[in-house]
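Colleague: I'm new to reading protein models. Could you walk me through one, feature by feature?

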Amino acid sequence: MVADAVIYHPTVAHYLKFVATTAGRDKLMRTVQYFARFYAWYLFRTNGTRGEVAPWEALKKQLGLARKLLRLGKNVEHLKAAALAADAISAASKTAATAGAGDDVLRYAAVGRQLGYAGYLTFDAATVLDSVGFRRWDGAKRAQREASRFWALGLLCSVVAQAYTLYRLREREAKVDKKEGEGVVESKRIALERAASRLQLLSDLCDLTIPTSALGWVGFDDGFVGLAGTVSSLIGAYAQWKKTA
């Protein structure tokens, strides 16, 4: 009876839908990968033995490689998304009377974000054979740095989009009359949109520590980057969990 209650519980069904998606599995692996990065740093800083640190370093490396393989081909998805966003800009320019400046900011940010992610995934894929040890390539490190640059570009565009979204939501809220029924509904809708935007902004800022540290633009250590990556991974896992509800 207890086993049946567990097996047929709605949460178990939801979990199976979650892990059935590539994104769901990736978010779980990413969470463990960045926590392992943080914990390996923590053990090292607290004078942990080589034997204590090595398993966490290996876990970080192997999960990173597995996720790199799962990302193969995903650059095409972002290239298509960039093309669609560019088409939206072209269509909006033909109907300028209905297109606002704020919409243009979000459209251009969307193009930049998708191109950034596409470039990141393209250069990242170029290093796969070297990463798995199948064929060594002298240019792998250079390609990985280019991947980090494109990733940082995509994240910066996303940060701009979320910051502008929050600004526009403030403007909308200022015009809402909360004493009316429609105003109350609109206020609740704005609150939900603001919460989602803030969560995405936090995730983007956490992720931004990863490529900027790899490029040497900032001086964050592995502990900080590992914690930031763990937070953004948990946010991504939460978002994917909601999508599969």
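**Burial and salt bridges**

Modeller: Let's start with a pair: Arg67 is buried, and Asp26 is buried too. Buried means under 20% relative accessible area, exposed means over 50%, and partly exposed is in between (1.4 Å probe, protein chains only). Keep in mind that this is a predicted model: local features need pLDDT of at least 70, side-chain atom pairs count only at pLDDT 80 or more, and totals for chains, interfaces and linings use all residues. Residues are numbered from 1 along each chain as its sequence is written, and side-chain values use heavy atoms, with hydrogens and water left out.

Colleague: How do Arg67 and Asp26 meet?

Modeller: A salt bridge is a side-chain nitrogen of Lys or Arg within 4 Å of a carboxyl oxygen of Asp or Glu. The side chains of Arg67 and Asp26 form one, at 2.8 Å from N to O. This pair links distant parts of the chain, since Arg67 sits in helix H4 and Asp26 in helix H3, 41 residues apart. Helices here are DSSP runs (H or I, at least four residues), numbered from the N terminus.

Colleague: How many salt bridges does the count come to?

Modeller: The count is 15 salt bridges. Some join up: Arg172, Glu186, Arg189 and Glu193 are linked in a network.

Colleague: How do I read aromatic pairs?

Modeller: Rings of Phe, Tyr and Trp (its six-membered ring) pair if their centres lie within 6.5 Å; planes under 30 degrees apart count as stacked, over 60 as edge-to-face and the rest as tilted. A search of the whole structure finds twelve such pairs. Tyr120 and Trp151 are stacked, 4.9 Å centre to centre with 20° between the planes. Tyr120 is in helix H6 (residues 101-126) and Trp151 in helix H8 (residues 140-174), 31 residues apart. Tyr120 and Trp151 are buried. Elsewhere, ring pairs link Phe35, Phe38, Tyr39, Trp41, Tyr42 and Trp56 into a cluster.

Colleague: How far apart are the end C-alpha atoms of helix H10?

Modeller: The expected span is 1.5 Å times one less than the number of residues. Helix H10 (residues 222-243) has 22 residues, so it should span 32 Å; its end C-alpha atoms are 31 Å apart, which agrees. Its buried residues include Gly223, Val225, Gly226 and Ala228. Among the elements covering the buried residues of H10 are helix H2 (10-19), H3 and helix H9 (181-214).

Methods
Helix = DSSP H or I, 4+ residues; strand = E, 2+ residues; numbered from the N terminus. Contact = heavy atoms within 4.5 Å.
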